[in-house]
Amino acid sequence: MLHVSHVTKKYGKTLACNDISFDLEPGSVTVLLGPNGAGKSTIMKSIIGFLRYEGEITVSGFPNKSSEARRLLGYIPEMPSLYPNLTVSEHLEFLARAYKLTDYKDRAEQLLSRFELSEKKKKFGDELSKGMQQKLNICLGLLPEPRLLLLDEPMIGLDPHAIKEVRSLIEQMRQEGRTLLVSTHIIDSVDMLWDRTLILQNGILKANVTRSELDEKGQSLEDLFFEVTEGIDREQVSSAPVTEESEE
């Protein structure tokens, strides 16, 4: 579904992504992990076509910046970018027209209801709280029903109900055969959702592991993350004998 091959991105002399390659299968959820500044948002923006880069990215065989790929791609950015003079309903209508969607109103109503925005339909973008802006941001990303959805830190700023709905929708989309790439640095928010994990550090892809491979090792996602990013084997640390010197 998604093919990323030898992607490199520089900002001036800063190497944000260094020769990154991976493939995502249809109907899978991949979690993209890494500390702040690891390059997660850069690779996400490269996939969606917002940045220039070296390398190749295709969606179902189409170049990611082609019209064919854009019809399959959806993106929920970390920071909502709403129009202050459009209402909640007008944002959804604007997106529907941009994607040339028909019969979208029932789905729009369902999304607004799930994220408790039904009573905010006439509110302008700049009248919404940060949490409500993020909820609308998610509704906009879900409205076109993309085959490949990129979510950049989707849980930040959400209340418990909205987090529950996002998790439910991720599972629903996976069952529908859609492909999702979820970028986050909060491991607990996605620990039960993933099929594959990609771990970035300093712009380098340090790990590309499936859940089954990790289960075979008897390792948790959190343990893998710290082992890869900090060189810490937490199991060995916890089982190490305590000496008199270490007690001091």
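Student: Is Y75 buried or exposed?
Tutor: The model is a predicted one. In it, Y75 has a relative accessible area of 14%, and it counts as buried because that value is under 20%.
Student: And F50, buried or exposed?
Tutor: F50 is exposed, its relative accessible area being 53%.
Student: How many aromatic pairs are there?
Tutor: The count is three aromatic pairs. One of them joins F50 and Y75: the ring centres lie 5.5 Å apart with the planes at 80 degrees, so this pair is edge-to-face.
Student: Which parts does that pair tie together?
Tutor: F50 belongs to the loop between helix 1 and strand 4 (54-59), whereas Y75 belongs to strand 6 (residues 73-76), so the pair links parts that are 25 residues apart in sequence.
Student: What about the rings of F225 and F226?
Tutor: Their centres are 5.4 Å apart and their planes stand at 80 degrees, so that pair is edge-to-face. F225 is buried, with 10% relative accessibility.
Student: Changing topic: how many residues of helix 1 are buried?
Tutor: Seven of the nine residues in helix 1 (residues 40-48) are buried, so the helix is mostly covered, given that buried means under 20% relative accessible area. Among them are K40, I43, M44 and I48.
Student: What follows helix 1?
Tutor: G49 follows, and its phi is positive, near 100 degrees.
Student: Last one: where does K9 lie?
Tutor: K9 lies over the face of Y11, 5.2 Å from the ring centre.

Note on methods
Residues numbered from 1 in each chain as written. Predicted model: local features only at pLDDT ≥ 70, side-chain atom pairs only at ≥ 80, totals over all residues. Heavy atoms only, no water. Buried < 20%, exposed > 50% of the residue type's maximum accessible area, 1.4 Å probe, protein only. Helix = DSSP H or I, 4+ residues; strand = E, 2+ residues; numbered from the N terminus. Phe/Tyr/Trp six-rings, centres within 6.5 Å; stacked < 30°, edge-to-face > 60°. Lys NZ or Arg CZ within 6 Å of the ring centre and 35° of its normal.
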